[in-house]
Amino acid sequence: MPEGDTVWQAARRLHEALAGKALTRSDFRVPKYATVDLAGRGVLNTIPRGKHILTRFEGGLTLHTHLRMEGAWKVYGTGERWRGGPAYQIRAVLDTADRTAVGYRLQVLELLRTAEEERIVGHLGPDLLGPDWDPERALANVLSDPSRELGEALLDQRNLAGIGNVYKSELCFLLGVTPWLPAGALPADLARQLPALAKRLLETNRDRPVRQTTGLHRYDLFVYGRAPRPCLRCHTPVRVADQGDGSQERPTYWCPTCQTGPAPAPGTPQRWRDKYPRRTR
């Protein structure tokens, strides 16, 4: 599931493969850009901004992509077999003399002038993995609506950029509060810890192939994806429920013993119980 660390890794792969080289071919498999040809343009760089990826080309042009839930960028060498999915899922192909970047299942793909990037990412809060990180501003944003559920405030990219369902669940577990706790009810000592803890989680995982929050050899995550298995701390069955208005898939995992605060309202959907099967790790 792409979150800030996954997006950071994808942007780094694209940068290392393409930056400083000229495109020999571009192929955008979406109707709006089907006739666009960037062959001959040099690739300047690729940077992440929260969950957004910006690839910049000579001539003041930027390719903006967003992975959403299932998107991915894969990089292949000359003659290497593409293995990111069936051909009909490919949305973009960028070729250089020795590397090919292939974008699969990209839900957002947009070409724009580099000078207009702020139109796309200017609304984002401080980026947990970016040069604009500002812990005080991020915390103030999260607490700006005291009645809002903490989990929803953490997912709001206007507050701080990079957290998704996994880190929302893990961060709330480490703080010892449920994601349904009103942000304004978060104890002051925990609120002070929140920005640094969130940043540490993403920074620790941005160079790892498998996301890990527990520090334990056998288990990668404390609660996310673990329902109804026992909590790693107290052995109470981990629970899962939806959070939000139901317009997006937001599976939320928590331990009812280790985490204090409100639980989801009775009847809240728990349709992810079977979607994430039991794992050995």
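Entry 1: I looked up Trp-180 and found it buried, with a relative accessible area of 6%. I note that the model is a predicted one. I then checked Trp-254, which also counts as buried, at 1% relative accessibility. Both values fall in the buried class because that class takes residues under 20% relative accessible area.

I next examined the rings. Trp-180 and Trp-254 form an aromatic pair, with 4.8 Å from centre to centre and 70° between the planes. I record the pair as edge-to-face because planes over 60 degrees apart are classed that way. My count of aromatic pairs in the model comes to four.

I located the two partners along the chain. Trp-180 sits in the loop between helix 5 and helix 6, and Trp-254 belongs to strand 10, residues 251–254. The pair thus links distant parts of the chain, 74 residues apart.

Entry 2: I turned to helix 5 (residues 165–175) and helix 6 (residues 188–205), which pack with their axes 10 Å apart and at an angle of about 130°. That angle makes helix 5 oblique to helix 6. I noted a right-handed crossing where helix 5 passes helix 6.

I listed the residues in contact. Helix 5 contributes Tyr-167, Leu-171, Leu-174 and Leu-175. From helix 6 come Leu-190, Gln-193, Leu-194, Leu-197, Ala-198, Leu-201, Leu-202 and Asn-205.

Technical notes
Residues are numbered from 1 along each chain as its sequence is written. This is a predicted model: local features need pLDDT of at least 70, side-chain atom pairs count only at pLDDT 80 or more; totals for chains, interfaces and linings use all residues. Side-chain values use heavy atoms; hydrogens and water are left out. Axes are lines fitted to C-alpha atoms, for helices over the stretch in contact, and angles run from 0 to 180 degrees between N-to-C directions. Helices (H or I, at least four residues) and strands (E, at least two) are DSSP runs, numbered from the N terminus. Angles under 35 degrees count as roughly parallel, over 145 as roughly antiparallel, 65 to 115 as roughly perpendicular and the rest as oblique. A crossing is left-handed if the near helix is turned anticlockwise from the far one by less than a right angle, and right-handed if clockwise. Contact means heavy atoms within 4.5 Å. Rings of Phe, Tyr and Trp (its six-membered ring) pair if their centres lie within 6.5 Å; planes under 30 degrees apart count as stacked, over 60 as edge-to-face and the rest as tilted. Buried means under 20% relative accessible area, exposed over 50%, partly exposed in between (1.4 Å probe, protein chains only).
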